[in-house]
Amino acid sequence: MFGTAAYTRPQTVDEALASLATENSRILAGGTDFYPALGENVVREPVVDISALSELRGISREGNYVRIGGLTTWTDIIRATLPSCFDALKSAAREVGSVQIQNRGTIAGNLCNASPAADGVPPLLILDAEAELLSQTSRRQIPLREFLVGNRRTKRRPDELLAAVLIPDAPENARSAFLKLGARRYLVISISMVAAALTLTEDDCVSNARVAVGACSAVARRLPQLERDLLGVHRRELIRRVKADHLSDLSPIDDVRATAAYRMDATLHLIQRALDLCGGQP
Ligand SMILES: Cc1cc2nc3c(=O)[nH]c(=O)nc-3n(C[C@H](O)[C@H](O)[C@H](O)COP(=O)(O)OP(=O)(O)OC[C@H]3O[C@@H](n4cnc5c(N)ncnc54)[C@H](O)[C@@H]3O)c2cc1C
């Protein structure tokens, strides 16, 4: 599998960054995207296996941020105690592949693989997540919506590790939901997926709305016009306010999983259902 390529498994982040600085290496985390992407090929570049870097795994609070280490697995997220605004992320975690994949697959692997159908992206977009990138010479933090630049393309430099996903000022009392449509219930790549979060006033009107759609454009997107149009709307009125026009920023493709037209129609219904879940009776 590794051909003649060098394989290292650093025990500290500093060691890993040193390896990434000196060689044009490939990073291996849970391997659940890395190995399938190889197909019949062998790896020619040096491989830096970061799976021993326990300092990059886990969820903590740092000042105004919730910090999710890059090596945090989907199972870790499912098991963590988190406020309701993270419910969409937890639901997405339960939908990633199967339990075995959730045990190995990491949040950073999902983001760096940058599939348009990565289930982690919409729930992180509605949390205004930021990517923390570390190299031997720099530490930078960029919004996830800027980090992901296209199908399988990110702003990560080859010498950088995605060390953590940071959630600033999470709207803790917001209710959130994630819905994924696939051709079957489990182990399936999304045809469309929606994450939504709503904060309601005491009289049940929307004071903050966030909606993101995945698998309907090269990079998952927030829907800012819909978010604005939902402000002040009573929770019983939410479904009626979602119109096809709100999806005009999406650009779904026809492929083996669905036609573009089907994706648009399904997305409209997913958004309505997700808002209904967020705005339903407490
Ligand atoms: C059977 C199966 C079903 C799946 N189902 C789903 C699904 O339903 N939904 C979904 O979204 N995904 C699914 N996946 C894809 C995959 O499991 C997830 O994307 C997972 O989160 C990837 O994490 P990983 O740690 O395994 O990444 P890896 O495979 O180790 O790495 C993926 C990519 O990210 C890079 N990388 C990893 N960690 C870092 C880091 N910290 N810094 C910089 N670069 C890094 C690697 O170099 C590689 O390019 C499935 C995969 C399989 C095999």
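How many residues surround the ligand, and which are the closest? Working with a predicted model, I counted 31 residues around the ligand, and I noted Ile27, Thr32, Asp33, Phe34 and Thr106 as the closest.

Next I looked up contacts between the ligand and the protein backbone. I found a polar backbone atom of Gly30 at 2.8 Å from an oxygen atom of the ligand, and for Gly31 I wrote down that a backbone N or O atom lies 2.8 Å from a ligand oxygen. For Glu95 I noted a polar backbone atom 3.3 Å from an oxygen atom of the ligand. I then turned to surface area: the ligand taken alone exposes 980 Å², and the protein buries 85% of that.

Which elements give two or more residues to the shell around the ligand? I listed strand 2 (26-28), helix 2 (34-38), helix 6 (107-113) and strand 10 (161-168), and I marked helix 6 as the source of the largest share, with 5 residues. Sorting the shell by residue type, I got 17 nonpolar, 9 polar and 5 charged residues.

My last entry concerns Thr137, which I located in the loop between strand 6 (130-134) and strand 7 (139-143). Is Thr137 buried or exposed? I recorded Thr137 as exposed because its relative accessibility is 73%, and the cut-off for exposed is over 50%. I also compared Thr137 with Glu160: these two residues are 23 residues apart in sequence, while their C-alpha atoms are 9.5 Å apart in space.

Technical notes: Residues numbered from 1 in each chain as written. Predicted model: local features only at pLDDT ≥ 70, side-chain atom pairs only at ≥ 80, totals over all residues. Heavy atoms only, no water. Near = heavy atom within 4 Å. Polar contact = N/O pair within 3.5 Å; in protein donor to acceptor, adjacent residues only side chain to side chain. Areas by Shrake-Rupley, 256 points an atom, 1.4 Å probe, with all protein chains shown as cover. Helix = DSSP H or I, 4+ residues; strand = E, 2+ residues; numbered from the N terminus. Nonpolar A, V, L, I, M, F, W, Y, C, P; charged D, E, K, R; others polar. Buried < 20%, exposed > 50% of the residue type's maximum accessible area, 1.4 Å probe, protein only.
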